[in-house]
Amino acid sequence: MKIQIINGPNLNLLGRREPSIYGDSSFERYLSALRAQFPDVQIDYFQSNVEGELINQLQAVGFDCDGVVLNAGGYSHTSIALHDCIRAIAAPVIEVHISNLYQREAFRHQSMLSSVCQGVIVGLGLPGYGLAVEALVNRKRQAK
């Protein structure tokens, strides 16, 4: 099984960016633990601060992988282009947010992506990525 994790803008700063909201671990450190948790799953990782690069990556993997875990960061609230891309690809996408968007600014309460994703995980910190991977693994098992 192959799962692609895609992180959007500013998530390259995890561990240094607002630790009271996002924690003090880098994503790379967390990714090692996540891969150990799912040894039978190939977990690939991509991060970009550029919307078009996120779309390019979704298109590149969206017909060949078994699922995508997407944290589009601030683009979640603004990007019709990402919405359209998710609709266009075959792979199921689970939207993840580290923080609880509903405890934050009102403009973060609306996602342009949620309606085209298989599920949404919000506010559980980095372990939310693991829950998304688990959901995709279970979805694949049930499809067999």
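Start with the surface of the protein chain. Its accessible area is about 7,200 Å², by the Shrake-Rupley method with a 1.4 Å probe. Carbon and sulfur atoms hold 48% of that surface. This is a predicted model: local features need pLDDT of at least 70, side-chain atom pairs count only at pLDDT 80 or more, and totals for chains, interfaces and linings use all residues. Residues are numbered from 1 along each chain as its sequence is written, and side-chain values use heavy atoms, with hydrogens and water left out.

Switch to a cartoon view. You will find 5 helices and 5 strands. These are DSSP runs: helices (H or I) of at least four residues and strands (E) of at least two, numbered from the N terminus. Their order along the sequence is β-α-α-β-α-β-α-β-β-α.

Now go inside. Of the 144 residues, 48% count as buried, meaning under 20% relative accessible area with a 1.4 Å probe, protein chains only.

Select I5, F27, L34, I43, V69, Y129 and V133. In the largest nonpolar core, of 23 residues, these touch the most other members. Such a core is a set of buried Ala, Val, Leu, Ile, Met, Phe, Trp, Tyr and Cys residues joined through side-chain atoms within 4.5 Å. Colour β1 (2-7), α2 (27-37), β4 (93-97) and α5 (127-143): each gives two or more residues to this core. The most come from α5, with 5 residues.

Zoom in on Y129. Beyond its neighbours within four places in sequence, its contacts (heavy atoms within 4.5 Å) include N7, L11, Y30, N71 and I98.

Last stop: select L54, I55, V68 and A72. They are among the 19 residues of a second, separate core.

Key: Buried < 20%, exposed > 50% of the residue type's maximum accessible area, 1.4 Å probe, protein only.
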